[in-house]
Amino acid sequence: MSEINASGSADTDFDLVIVGAGFAGLYMLHRARGLGLTARVFEAGGGVGGTWYWNRYPGARCDVESMQYSYQFSDELAQEWQWSERYSPQPEILTYANHVADRFDLRGDIQFDTSVEAAHFDDEAGRWRIETSDGGTWSAQFVVMATGCLSSANMPDFEGLDSYRGETYHTGHWPHEKVDFAGKRVGVIGTGSSAIQSIPIMAEQAAHLTVFQRTPNYMVPAHNAPLDRTYEAEVKADYDALRERARIRPGGIDIEFNLAPALDASEAERRQKYEKKWAHGGFGFMGSYGDLMLDGAANDTAAEFVRGKIRDVVDDPAVADLLSPHNVFGCKRLCVDTNYWQTYNRDNVTLVDVSEDPIERITPSGLCVNGQDYTFDAIVFATGFDAMTGALLKIDIRGAGGRKLSEKWAEGPKTYLGLAIAGFPNMFTVTGPGSPSVLTNMLPSIEQHVNWISDCLDYMRQNGHGQIDSDQQAEDDWVAHVGETASLSLRATCSSWYVGANIPGKPRVFMPYMGGYPVYLEKCQEVVANGYQGFALS
Ligand code: FAD
Ligand code: NAP
């Protein structure tokens, strides 16, 4: 087995192949360069930025505050970059990703418009053989899958889809050119985060907007505003303090978190607390009480508060009722909105409930629900993603002995720490299933994974190791632990994409790690301190 080879690679042979040029792939390339490794990134899209390259729908923006949703690895970068709003809009985040690529001179090692279609581990050579959509074959000692948790768009298999004669859009694959809905009849399918961000804006543009809702969602208001420059200066004067406060929170986001149980407070105290959080805006609402995701009765108090807000805002009580969720508050991913419910007071917006009578089929002129035809000039599919496993399973990945990842994961994803997969040596996943990933502020989680992987590669080189694989037992124990922590939370109880419920036939497994970001960090550090405990190095 060769040690990591930092020089002398042929053009098609690399120390490291990285799949994806979102924030994970970009930073992984930067770290690989720092280690002196030869690396090549393959990116299906025509540019960097991943999520922020693809999701260009109107209103797309981050719902983690800008000062926290940015890289931490370079103090110069953090100091020089200036965000314009409390929550950054998609174009600005994409500009930031491009700035990072240029500032660190990363583009030269990224091959755009190229999908990785297969990655097979060659047992004899101890290397990965990679096939790309341009017909290329490549070899690498290591592969890092930086393919994203929410990068494989879900287009439901509606009957008659191909017959539709109007325009179709998916929020996760939005065109680069401006889409003009002026004067058009537009239908939107879905009411998740992407839909709730785009609906208020599309409603302002379209002649008429019809929203097809299968499950109503809980929202908290964003209260977006220009970034407070005094706050920015305070953060920049001591960025570390902000990051340290964030690191000890379950979601890795600096929010005020009250550990007290909701039912210990009186009704009046609770209302006051919820109103205060509501007025502040954003995910901080989840920090109102410590047991909102653990105790059904506590959760009900938050759920009822939010339903009250819907009734306050929406003029038509029947529409308010339809918009009111009755599942567990925060069970599906909480949405952060700007004027979403208010949009239903507009004359040109109609809400159609498809919870009991699903969309029957797409027709040449629109779609049909319960025998009723709706005619549209454009249909927007805000139907989400095959989350966490979708992008990985689209690639024909075969590990040691030719074992297929799709077979190994037939009953749900199994990983060690969401970083490695037993039987798939020298392959790492960034924010893979089994890591806190989508339950956290993703950028710090991505950096933590990339740092862990880079440190591991460095350790291997320093110690003359050419191969790493996680132990089956360590993986089994971790998978069991991920399942146990999920079972303690109300979050695992509903049909969300966290459990794969949005994709027909996908195994129902709670995919991200619910134990919290600080616990996870500690576990990752402990593994390293114990000489890569749970891994076999050779
Ligand atoms: P991605 O950005 O998804 O990049 C993965 C890249 O890999 C993509 O460019 C894709 O084209 C490429 N790729 C995948 N498969 C292949 C292949 N086989 N071959 C070649 N290339 C491939 N997170 C937050 O923390 N806060 C937020 O507010 C937030 N908002 C979001 C809003 C939207 C609309 C979405 C969809 C996600 C949001 N997220 C948010 C999650 C977001 O995905 C992460 O924050 C982050 O951008 C992920 O970066 P990544 O590099 O891991 O993955
Ligand atoms: P999503 O949350 O999965 O929402 C998809 C929507 O489409 C749901 O309302 C779903 O209904 C509906 N749907 C799917 N198939 C349908 C069908 N056959 N018929 C009718 N309705 C159907 O996807 P998303 O909105 O793209 O968001 C995915 C994740 O990306 C978010 O949870 C979040 O993590 C991230 N994101 C973040 C932001 C942000 O604010 N920063 C913005 C966008 C996305 P059901 O609920 O009934 O399945």
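## Ligand 2 and its shell

A residue is near a molecule if one of its heavy atoms lies within 4 Å of it. In this predicted model, 23 residues surround ligand 2. The closest are Asp 63, Thr 191, Ser 194, Thr 215 and Lys 332. By class, the shell has 9 nonpolar, 9 polar and 5 charged residues. Helix α5 (residues 193–205) gives the largest share, 3 residues. Helices are DSSP runs of H or I, at least four residues, and strands are runs of E, at least two, numbered from the N terminus.

## Polar contacts

A polar contact is a pair of N or O atoms within 3.5 Å. Oxygen atoms of ligand 2 lie 2.4 Å from a polar side-chain atom of Thr 215, 3.0 Å from a backbone N or O atom of Ser 193 and 3.2 Å from a side-chain N or O atom of Arg 333. Taken alone, ligand 2 exposes 910 Å² (Shrake-Rupley, 1.4 Å probe). The protein buries 89% of that.

## Cysteines

The count is 1 disulfide (sulfur atoms within 2.5 Å). Cys 331 pairs with Cys 494, sulfur to sulfur 2.3 Å. The S-S torsion is about -115°, so the disulfide is left-handed. Cys 331 sits in the loop between α10 (317–323) and β11 (335–337), and Cys 494 in the loop between α14 (472–487) and α15 (517–529), so the pair ties together parts 163 residues apart in sequence.

Cys 456 is in no disulfide; the nearest cysteine sulfur, that of Cys 524, is 11 Å away. Cys 456 is buried, at 0%.

## Basis

Residues are numbered from 1 along each chain as its sequence is written, and ligands from 1 in the order written, with chains lettered from A. Local features need pLDDT of at least 70, side-chain atom pairs 80 or more, while totals for chains, interfaces and linings use all residues; side-chain values use heavy atoms, without hydrogens and water.

Note on methods. Polar contact = N/O pair within 3.5 Å; in protein donor to acceptor, adjacent residues only side chain to side chain. Nonpolar A, V, L, I, M, F, W, Y, C, P; charged D, E, K, R; others polar. Buried < 20%, exposed > 50% of the residue type's maximum accessible area, 1.4 Å probe, protein only.
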